[in-house]
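Here are my notes on the model you sent over. Have it open while you read.

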Amino acid sequence: PAVRRPVPNTAIVLDTSGSMIGDDLQSALNETQGVLKALGGQGVRVLATDARVHTRQKVTNASKIQVLGGGGTDMRVGLDEAAKLKPNPDLCIVLTDGYTPWPDKAPRGMRVIVAVIGRYRDGIPKWARTVVID
(Lines give C-alpha, C1' and ligand atoms only; values in the text may rest on other atoms or scores of the structure.)
Protein backbone atom coordinates (compact mmCIF):
# COMPACT_ATOMS: atom_id res chain seq x y z
CA PRO A 1 0.00 0.00 0.00
CA ALA A 2 1.05 3.55 -0.67
CA VAL A 3 2.09 5.78 2.17
CA ARG A 4 -0.30 8.70 2.40
CA ARG A 5 0.18 11.83 4.46
CA PRO A 6 -2.73 14.24 4.39
CA VAL A 7 -1.59 17.85 4.08
CA PRO A 8 -3.77 20.37 5.89
CA ASN A 9 -5.01 23.44 4.05
CA THR A 10 -3.07 26.01 6.07
CA ALA A 11 -3.25 29.75 6.63
CA ILE A 12 -0.74 31.87 8.53
CA VAL A 13 -1.66 35.05 10.36
CA LEU A 14 1.64 36.93 10.49
CA ASP A 15 1.87 39.62 13.16
CA THR A 16 3.41 42.67 11.45
CA SER A 17 2.71 45.13 14.26
CA GLY A 18 5.27 47.65 15.47
CA SER A 19 6.41 45.40 18.33
CA MET A 20 7.40 42.68 15.85
CA ILE A 21 9.75 44.80 13.73
CA GLY A 22 13.32 43.47 13.72
CA ASP A 23 14.44 40.10 15.07
CA ASP A 24 10.94 38.93 16.06
CA LEU A 25 9.60 39.47 12.55
CA GLN A 26 12.61 37.71 11.05
CA SER A 27 12.00 34.76 13.41
CA ALA A 28 8.36 34.67 12.28
CA LEU A 29 9.44 34.64 8.62
CA ASN A 30 11.92 31.84 9.36
CA GLU A 31 9.13 29.83 11.02
CA THR A 32 6.92 30.48 8.00
CA GLN A 33 9.62 29.03 5.76
CA GLY A 34 9.77 25.99 8.04
CA VAL A 35 6.01 25.51 7.71
CA LEU A 36 6.28 25.76 3.93
CA LYS A 37 9.02 23.13 3.91
CA ALA A 38 7.03 20.81 6.19
CA LEU A 39 4.00 21.08 3.91
CA GLY A 40 6.05 19.97 0.93
CA GLY A 41 6.01 23.22 -1.02
CA GLN A 42 2.25 23.28 -1.58
CA GLY A 43 2.09 26.90 -0.42
CA VAL A 44 0.19 28.65 2.32
CA ARG A 45 -2.00 31.70 2.48
CA VAL A 46 -0.37 34.42 4.57
CA LEU A 47 -2.26 37.34 6.06
CA ALA A 48 0.07 40.19 7.11
CA THR A 49 -1.79 41.66 10.10
CA ASP A 50 -1.29 44.40 12.67
CA ALA A 51 -4.57 46.06 13.72
CA ARG A 52 -5.90 45.26 10.24
CA VAL A 53 -5.10 42.77 7.50
CA HIS A 54 -2.77 44.47 5.03
CA THR A 55 -2.10 41.66 2.56
CA ARG A 56 -3.52 38.26 1.69
CA GLN A 57 -1.26 36.19 -0.49
CA LYS A 58 -0.46 32.59 -1.28
CA VAL A 59 3.27 31.94 -1.13
CA THR A 60 5.62 29.02 -1.59
CA ASN A 61 8.63 30.92 -0.23
CA ALA A 62 8.67 33.24 2.80
CA SER A 63 10.93 35.70 0.96
CA LYS A 64 7.95 36.55 -1.29
CA ILE A 65 5.75 37.76 1.60
CA GLN A 66 4.83 41.44 1.46
CA VAL A 67 5.47 42.53 5.03
CA LEU A 68 3.19 45.52 5.56
CA GLY A 69 1.98 46.93 8.86
CA GLY A 70 3.88 48.41 11.76
CA GLY A 71 0.89 49.76 13.67
CA GLY A 72 -1.07 48.45 16.65
CA THR A 73 -1.86 44.79 17.22
CA ASP A 74 -5.09 42.82 16.98
CA MET A 75 -4.81 39.21 15.87
CA ARG A 76 -8.61 38.87 16.13
CA VAL A 77 -8.94 40.59 12.75
CA GLY A 78 -6.44 38.18 11.19
CA LEU A 79 -8.24 35.15 12.61
CA ASP A 80 -11.60 36.52 11.43
CA GLU A 81 -10.21 37.01 7.95
CA ALA A 82 -8.61 33.55 7.90
CA ALA A 83 -11.98 32.01 8.80
CA LYS A 84 -13.49 33.68 5.69
CA LEU A 85 -10.94 32.25 3.25
CA LYS A 86 -12.20 29.89 0.57
CA PRO A 87 -11.52 27.05 0.70
CA ASN A 88 -11.60 27.17 4.47
CA PRO A 89 -8.29 26.41 6.16
CA ASP A 90 -8.05 23.29 8.29
CA LEU A 91 -5.30 24.94 10.29
CA CYS A 92 -4.38 28.52 11.10
CA ILE A 93 -0.97 29.33 12.54
CA VAL A 94 -0.64 32.70 14.26
CA LEU A 95 2.96 33.92 14.45
CA THR A 96 3.09 36.69 17.06
CA ASP A 97 4.94 38.10 20.05
CA GLY A 98 1.70 37.60 22.01
CA TYR A 99 0.96 41.26 22.78
CA THR A 100 -2.55 41.21 21.32
CA PRO A 101 -6.19 40.73 22.24
CA TRP A 102 -7.71 37.35 21.36
CA PRO A 103 -11.21 36.22 20.41
CA ASP A 104 -13.30 34.73 23.22
CA LYS A 105 -13.86 31.53 21.28
CA ALA A 106 -12.10 29.57 18.58
CA PRO A 107 -12.88 30.26 14.94
CA ARG A 108 -15.29 27.64 13.63
CA GLY A 109 -13.99 24.85 11.47
CA MET A 110 -10.25 25.29 11.91
CA ARG A 111 -7.62 24.45 14.47
CA VAL A 112 -5.39 27.26 15.70
CA ILE A 113 -1.75 27.12 16.72
CA VAL A 114 -0.30 30.25 18.31
CA ALA A 115 3.46 30.33 17.81
CA VAL A 116 4.74 32.88 20.32
CA ILE A 117 8.01 34.56 19.43
CA GLY A 118 9.59 35.10 22.85
CA ARG A 119 8.07 34.33 26.21
CA TYR A 120 4.95 36.49 26.53
CA ARG A 121 2.06 34.02 26.83
CA ASP A 122 -0.37 35.88 29.09
CA GLY A 123 -3.88 35.87 27.74
CA ILE A 124 -3.43 33.31 24.97
CA PRO A 125 -6.73 31.43 24.89
CA LYS A 126 -6.97 27.84 26.04
CA TRP A 127 -8.73 26.85 22.81
CA ALA A 128 -5.47 27.42 20.88
CA ARG A 129 -2.42 25.21 20.97
CA THR A 130 0.56 27.30 22.06
CA VAL A 131 4.13 26.81 20.89
CA VAL A 132 6.89 29.02 22.30
CA ILE A 133 9.70 29.98 19.93
CA ASP A 134 12.77 31.31 21.72
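The points below cover the packing and the strand pairing.

1. Ground rules: this is a predicted model, where local features need pLDDT of at least 70, side-chain atom pairs count only at pLDDT 80 or more, and totals for chains, interfaces and linings use all residues. Residues are numbered from 1 along each chain as its sequence is written, and side-chain values use heavy atoms, with hydrogens and water left out.

2. Helices (H or I, at least four residues) and strands (E, at least two) are DSSP runs, numbered from the N terminus.

3. Have a look at Ile65: leaving out residues up to four places away in sequence, Ile65 touches Leu14, Leu29, Thr32, Val46, Gln57 and Val59 (contact is heavy atoms within 4.5 Å).

4. How many of S4's residues are buried? Six of six. Leu91, Ile93 and Leu95 are on one side and Cys92, Val94 and Thr96 on the other, so both faces are covered. Side chains in a regular strand alternate between the two faces of the sheet.

5. On pairing (at least two DSSP bridges between two strands), S4 runs parallel to S1, with five bridges, and parallel to S5, with six. Cys92 is the bridge partner of Ala11, and Val112 in S5 is the partner of Cys92.

Notes:
Buried means under 20% relative accessible area, exposed over 50%, partly exposed in between (1.4 Å probe, protein chains only).
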